[in-house]
Amino acid sequence: MQLELKDLTKSYDDTIALNRVSFRLTPGIYGLLGSNGSGKTTLFRIISGVLKQTTGTVTYNGENTRANSDAFRSILGFLPQDFSYYPDFTGMKFMLYIAALKGIHKNVAKKRCVELLELVGLEDVRNKKIKTYSGGMKQRLGIAQAMINDPEVLILDEPTVGLDPKERVRFRNLISSFSENKIVLLSTHIVSDIEYIADEILVLNKGVLENRGPSFRLIDTISGCVWETEVENDRLAGMLQQHLISNQKHAGNKTVLRIISKEKPAPEAKHVQPTLEDLYLYYFREEAVR
Amino acid sequence: MKTIVKYEMEKIQQNRTFIGALVISLFVLAGILYIGMYHAQLQGIERKGVENYHQIVERSTGEFTDQRVQDVLSNYIGRFQQDDVNNRGFDLFSWEVANTFIANGENIYDRMNTAVKQGETLTIDQIKVKSIEEIGFTEFEKPLKMGSFVTWKDFYHVTNQLFLLISTLSILLCSLVFSSDTSRNMNPLLLSTRRGRKQMTVAKIIAGTFISVLAFLFIHGVSLGAFALYNSGFTGWDTSIQTNFSMELFTFPVELNQLQVYGLAVALQLIGLLAIVGITLYISSATRSPFSALLIALGIFLLPKALTQLVKRGPIYHLLNLFPINNYAVQDFLTLMSTKTEFFLTYFMQNMVLTMVVLVAIALLCNWAVYQRLKQYQEA
Ligand SMILES: Nc1ncnc2c1ncn2[C@@H]1O[C@H](COP(=O)(O)OP(=O)(O)O)[C@@H](O)[C@H]1O
Ligand SMILES: [Mg+2]
């Protein structure tokens with residue numbers, strides 16, 4: 001089982017959304033990390049065959065997914081970003097509709113849909129209309145529909161948007177238990193969603209795949225670049241101006257700053273263990289809150 | 001496949017726009033039937049008109065001969081001069097016969113009124129009645145049949161209007177079929193499923209076509225029922241179309257009775273509807289919002305009519321006359337298709353078949369194009 005992207009480029013009139021992205025995935029959970037506008041959605045839409053790439057190819061087990069699109073779509077599960085449901089369908093009806101589109105036999109579909117709705121915690125509302133669902137419920141319904149056909153390749157575009165912390169935990173467990181011998185690729189700009197469950201993290205920045213690897217290895221790349229230091233409040237403004245700050249905590253008339261920097265930011269600064277969040281800031285510093 | 005069709009139909013039925021349009025259509029249908037039949041001229045002020053009409057029809061039904069025309073007219077002027085002026089019902093049947101057979105210059109109504117005032121009676125011998133041959137009615141091996149026709153003319157008129165209603169409703173519904181999923185941004189999800197391209201497209205075409213045809217059958221069914229009430233059954237079904245004096249199709253070259261004409265009209269409308277549905281579905285698949293799909297489809301539906309205002313001759317004009325908007329009306333297709341100056345071929349039936357074949361071809365071609373489009377479709 002192998003999903004391979006070669007030299008994928010996508011350009012719109014005035015922007016290059018993806019720039020020569022290449023990678024190869026074998027079974028496992030992959031977190032695609034990127035800030036808004038970095039090209040995650042574009043990449044997923046190309047993989048799932050709904051958007052045409054400018055150049056490059058996507059192959060699955062060596063077969064071009066465009067040439068063999070029927071076969072690829074039957075092993076694909078996809079949760080797109082930003083769509084609106086049919087408000088008068090119930091959750092169950094929507095699931096059954098997608099099951100029919102995925103070619104699941106009627107006899108099996110019902111059981112499978114009930115099972116999945118239970119897994120995402122929607123069993124109580126499955127006969128309620130979708131217009132009565134909250135954002136988080138819709139999101140969970142979206143996750144459930146992607147899994148109906150027990151896909152070999154599961155692609156989830158920002159699946160955790162709108163989920164509360166409890167739901168996030170449930171989601172992570174669901175994905176972990178589902179992922180055996182499957183390729184799961186999910187995007188997010190929230191680090192904690194993937195920090196623990198992803199076998200590998202792919203960092204996509206402005207359409208370029210900047211790095212990939214297990215999170216500890218990626219974090220390693222900035223070891224020695226994360227510092228903590230206490231500053232007097234009168235020096236605070238200057239420090240915030242100069243440095244990339246990943247955290248600040250007030251303690252009396254002093255502030256503890258967590259700073260990402262190649263050079264020592266202050267004489268009394270001490271090295272601390274970097275986290276994935278620090279890494280995110282390191283890559284996506286332009287948008288970092290200063 | 002059946003399951004997908006079921007869900008696609010449900011998606012249409014739950015659409016707000018469609019529900020609204022359906023309700024409005026029912027009102028419009030009621031309005032058309034009310035004005036076209038219940039409130040028809042024939043009903044008269046005291047609503048006894050239809051009863052009187054059928055008495056006259058009964059007396060006048062039969063082979064269309066000069067003698068029968070004479071009888072009808074002599075009865076007519078007899079009653080006209082007998083009845084009290086204030087009680088005189090308007091005999092639409094005989095009035096149309098008189099219009100057809102008595103030369104304008106004869107001024108019979110003035111002459112009858114004068115005669116009555118002078119205590120005399122104008123008789124049929126004093127009036128010049130044209131002969132069937134003189135007027136030029138088409139002759140076939142068997143003589144034409146005369147019978148109820150005023151109600152049928154009203155029925156045809158209603159049938160024409162219903163086509164506009166059904167077409168508008170179908171255009172609205174079919175313009176939703178693909179574009180509403182596009183506007184919901186649902187395509188990435190739907191088109192990335194195993195059956196989300198070929199089977200779903202076919203299911204959508206079936207759903208849109210099926211609901212349109214269902215609406216067509218329902219509306220014409222209701223209209224047929226209303227006509228049966230209005231006409232007290234289907235009397236006059238075998239009256240020759242040439243002797244429907246209100247329609248003035250005296251020289252129409254094919255031996256058809258009124259029921260056959262109705263059958264042709266409905267068949268032509270149904271096939272026209274399939275073409276309209278096909279075109280609209282294609283437009284729906286190529287637009288991003290239901291509203292623009294609707295506007296474009298309505299525009300294309302009406303365009304051939306507008307173009308006939310510019311082009312009134314030649315092959316392009318003939319081509320325009322193939323489109324439903326130019327031939328849906330009973331009188332229109334009967335006249336247009338029976339002459340080579342208006343249509344491609346010489347004979348009425350040839351033109352009818354040609355039109356139907358072309359419309360079916362348009363429908364199939366559009367459906368095929370939608371299928372091809374979505375089978376491969378990727379956003380650019
Ligand atoms: N249809 C489009 N037309 C033009 N530009 C687009 C279109 N879709 C996306 N983009 C641009 O492509 C870039 C990547 O967008 P996207 O893939 O949605 O990013 P992400 O999902 O990571 O937030 C953005 O700069 C966005 O503005
Ligand atoms: Mg996105």
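In this predicted model, a polar side-chain atom of A:Y12 lies 3.3 Å from a nitrogen atom of ligand 1. Two further contacts involve oxygen atoms of the ligand. One is made by the backbone of A:S38, where an N or O atom lies 3.2 Å from an oxygen atom of ligand 1. The other is made by A:T41, whose side chain places an N or O atom 2.7 Å from an oxygen atom of ligand 1. On its own, ligand 1 has 560 Å² of accessible area, and the protein covers 61% of that area.

The shell around ligand 1 includes A:Y12, A:T15 and A:A17, together with A:S35, A:N36, A:G37, A:S38, A:G39, A:K40, A:T41 and A:T42, and also A:Q81. Helix α1 of chain A, residues 40-47, supplies the largest share of the shell, with three residues.

The buried residues of α1 in chain A are A:K40, A:T42, A:L43, A:F44, A:R45, A:I46 and A:I47. After the helix comes A:G49, which has a positive phi, near 85°.

The account now turns to charged side chains. Side chains of opposite charge can pair when their charged atoms come close. Over all chains, the structure holds 29 salt bridges. A:E115 takes part in a salt bridge with A:K111, with an N to O distance of 3.7 Å. A:E115 also forms a salt bridge with A:R112, and here the closest N and O atoms are 3.6 Å apart.

Why are A:E115 and A:R112 separated by about one helical turn? The two residues are three residues apart in helix α4 of chain A, and therefore about one turn lies between them. A:E115 and A:K111 both lie in this helix, residues 106-119, and are four residues apart, again about one turn. An α-helix has 3.6 residues a turn, so residues three or four places apart point the same way.

Another salt bridge in chain A joins A:E232 to A:K254, with the closest N and O atoms 3.7 Å apart. This pair links distant parts of the chain, 22 residues apart: A:E232 belongs to strand β11, residues 226-232, and A:K254 to strand β13, residues 254-260. Both partners are partly exposed, with relative accessible areas of 36% for A:E232 and 29% for A:K254. Residues of chain A and chain B also come together in a network of salt bridges, which links A:D70, A:R73, B:R194 and B:K198.

In chain B, two isoleucines may be considered in turn. Is B:I127 buried or exposed? With a relative accessible area of 7%, B:I127 is buried, because this value falls under 20%. B:I127 is located in the loop between α6 (108-117) and α7 (132-135) of chain B. The C-alpha atom of B:I127 is separated by 7.7 Å from that of B:I102, a residue 25 residues away along the chain.

B:I206, by contrast, counts as partly exposed, at 38% relative accessibility. B:I206 is placed in helix α10 of chain B, residues 198-230. Together with B:M1, B:F210 and B:L214, B:I206 makes a nonpolar surface patch of about 350 Å².

Finally, the backbone deserves attention at two asparagines. Most residues other than glycine have a negative phi, and most peptide bonds are trans. A:N181, however, has a positive phi, near 55°. A:N181 sits in the loop between α6 (165-178) and β8 (183-188) of chain A, where A:N181 is exposed, with a relative accessible area of 53%. In chain B, B:N185 is likewise not a glycine and has a positive phi of about 65°. The place of B:N185 is in the loop between α8 (150-183) and α9 (187-190), and B:N185 is partly exposed, with a relative accessible area of 26%.

Definitions and conventions: Residues are numbered from 1 along each chain as its sequence is written. Chains are lettered from A and ligands numbered from 1 in the order in which they are written. This is a predicted model: local features need pLDDT of at least 70, side-chain atom pairs count only at pLDDT 80 or more; totals for chains, interfaces and linings use all residues. Side-chain values use heavy atoms; hydrogens and water are left out. Patches are made of residues with over 30% relative accessible area and no salt bridge: like charges are joined within 9 Å, nonpolar side chains (Val, Leu, Ile, Met, Phe, Trp, Tyr) within 5 Å. Accessible areas come from the Shrake-Rupley method with a 1.4 Å probe; for residues, only the protein chains shown count as cover. A salt bridge is a side-chain nitrogen of Lys or Arg within 4 Å of a carboxyl oxygen of Asp or Glu. Buried means under 20% relative accessible area, exposed over 50%, partly exposed in between (1.4 Å probe, protein chains only). A residue is near a molecule or strand if one of its heavy atoms lies within 4 Å of it. A polar contact is a pair of N or O atoms within 3.5 Å; within protein, one must be able to donate a hydrogen and the other to accept it, and residues adjacent in sequence count only if both atoms are side-chain atoms.
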